[in-house]
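Subject: Structure for you to look at

Hello,

Here is the structure I said I would pass on. Please open it and keep it beside you while you read the notes below.

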Number of protein chains: 2
Amino acid sequence: MQRLLVDMDGVLADIYQQFLEFESALTGQRANLEDLYGKSEREAFPLHEQYVHSAGFFGNAPLIKGAVEAMEQLNQHYEVFIVSSATEFPQSLGEKHAWLQKHFPFISWRQMVFCGSKTAVSGDIMIDDHFKNLDHFKGRTLLFKQPHNVGLPAKNHERVHDWSQILQLLLP
Amino acid sequence: MQRLLVDMDGVLADIYQQFLEFESALTGQRANLEDLYGKSEREAFPLHEQYVHSAGFFGNAPLIKGAVEAMEQLNQHYEVFIVSSATEFPQSLGEKHAWLQKHFPFISWRQMVFCGSKTAVSGDIMIDDHFKNLDHFKGRTLLFKQPHNVGLPAKNHERVHDWSQILQLLLP
């Protein structure tokens, strides 16, 4: 069984909706996603330091469309690990654990990895929206569409736009 | 630079002292470590389910002797990751993060990995007290002495009794 590593923020959890929500609460203005294409999250949300450590920022993130149904199927065919950058934000650790238990009850604690850098985590396939995680990975790499990676060269990664496309690629 | 994976409970944190403390608070009797040789933690501490989920069980664990000084040196010579089984106990996630920051301030959030199974974490050397973590590891494996592994066959792992012995083996 191949080992499939799946990112949380920007792949399972719609963290851009949280950024837009929290940023607009401070500025009174809500950006359009299209205007954020190619900008890093830090560039797109200049006030992020004021809220990314807040309770609920990660814990109340909405789901990315189709993620639950897709993961339920992939979990039957792959050795799945959810690998999330979390140790930079200590309050996110408990929130992310609870979020996974709530939305993905078929994913056990044995399949969760909360880390800082993903360089020490190995597998056959990685799904992630960030180049910094995919670039060093030795297996097959799927770049999940998020505003920050739109328009940038995909390098040696396969671009995927949504979970239905991932299922087409990865289901037998 | 070689990647060195270091376990927390039973290697950096003296979790047996916590087991003895919490168990004796319930039973009124404190076991001798020698009487626990070769027994699994579950066998040695039959009431563990009543307290391992308690606040402070992980967060207030004392240090293993010599761990801080040794890690400070090893951190200069290796790409160090602290890899801890933590997702089984959600409340331990924040506690372990804070414990590391307090006792090992030279270890950054980038070097922390909190997981359930360690099978997806790869490196060159692993220090751990549990066979279940060492047995599947592809690199060099150091079995740190704890009561539960005393008297059992070391298999293909190198036994180490304390941190000074580890420094003798791993420092250039």
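Which residue forms a salt bridge with Arg140(A)? The partner is Glu158(A), and the closest N and O atoms of the pair are 2.6 Å apart. Arg140(A) sits in strand β5 of chain A and Glu158(A) in strand β6 (residues 158-160) of chain A, so this pair links distant parts of the chain, 18 residues apart. Arg140(A) counts as partly exposed, at 33% relative accessibility. Glu158(A) is partly exposed as well, with a relative accessible area of 29%.

Before you go further, note that this is a predicted model.

Other salt bridges

Over all chains the structure holds 16 salt bridges. One of them joins Lys118(A) to Asp7(A), with 3.0 Å between the closest N and O atoms. Lys118(A) lies in the loop between β3 and β4 of chain A, and Asp7(A) lies in the loop between β1 and α1 (15-27) of chain A, so the pair ties together parts that are 111 residues apart in sequence. Is Lys118(A) buried or exposed? Lys118(A) is buried, because its relative accessible area is 1%, and buried means under 20%. Asp7(A) counts as buried too, at 5% relative accessibility. Asp7(A) and Lys118(A) also belong to a network of salt bridges in which Asp128(A) is linked with them.

Another salt bridge is formed by the side chains of Asp9(A) and Lys96(A), at 2.8 Å from N to O. Asp9(A) is in the loop between β1 and α1 of chain A, while Lys96(A) is in helix α4 (residues 90-103) of chain A, so parts that are 87 residues apart in sequence are tied together by this pair. Both Asp9(A) and Lys96(A) are buried.

Strands in chain A

Next, find strand β4 (residues 125-128) of chain A, which is covered on both faces. Ile125(A) and Ile127(A) are on one side, Met126(A) and Asp128(A) are on the other, and all are buried. Asp128(A) is also the residue linked with Asp7(A) and Lys118(A) in the network above.

Which strands pair with β4(A)? Strand β1 (residues 3-6) of chain A pairs with β4(A) in the parallel sense over three bridges. In that pairing Leu5(A) stands opposite Met126(A). Strand β5 (residues 140-144) of chain A also pairs with β4(A) in the parallel sense, over four bridges. There, Ile127(A) stands opposite Leu142(A).

Where the two chains meet

How many residues of chain B are in contact with chain A? There are 21 residues of chain B in contact with 21 residues of chain A. The area buried between chain B and chain A is about 1800 Å², and carbon and sulfur atoms give 65% of that area. On the side of chain B, Thr87(B), Trp109(B) and Ala120(B) lose the most area to chain A, together 29% of what that side buries.

The elements that give two or more residues to this side of chain B are β2 (79-85), α4 (90-103) and β3 (112-115) of chain B. The residues of this side divide into ten nonpolar, seven polar and four charged. Across the interface of chain B and chain A, zero salt bridges are found. The count of residue pairs in polar contact between chain B and chain A is eleven.

Strands also meet between the chains. Strand β3 (residues 112-115) of chain A pairs with β3(B) in the antiparallel sense, over three bridges. Look for Cys115(A), which stands opposite Val113(B) in β3(B).

Two single residues

His48(A) is placed in the loop between α2 (41-44) and α3 (67-77) of chain A. His48(A) is buried, with a relative accessible area of 13%. Not counting residues up to four places away in sequence, His48(A) touches Phe19(A), Glu23(A) and Arg42(A).

Gln17(B) lies in helix α1 (residues 15-27) of chain B. Gln17(B) is partly exposed, with a relative accessible area of 24%. Leaving aside neighbours within four places in sequence, Gln17(B) is in contact with Arg30(B), Leu33(B) and Pro62(B). With Arg30(B), the side chain of Gln17(B) makes a polar contact of 3.2 Å. The C-alpha atoms of Gln17(B) and Asn149(B) are separated by 16 Å, and these residues are 132 residues apart along the chain.

Regards

Methods. Residues numbered from 1 in each chain as written. Chains lettered and ligands numbered in written order. Predicted model: local features only at pLDDT ≥ 70, side-chain atom pairs only at ≥ 80, totals over all residues. Heavy atoms only, no water. Contact = heavy atoms within 4.5 Å. Buried area = accessible area lost by both parts, 1.4 Å probe. Salt bridge = Lys/Arg side-chain N within 4 Å of Asp/Glu carboxyl O. Polar contact = N/O pair within 3.5 Å; in protein donor to acceptor, adjacent residues only side chain to side chain. Nonpolar A, V, L, I, M, F, W, Y, C, P; charged D, E, K, R; others polar. Pairing = 2+ DSSP bridges. Buried < 20%, exposed > 50% of the residue type's maximum accessible area, 1.4 Å probe, protein only.
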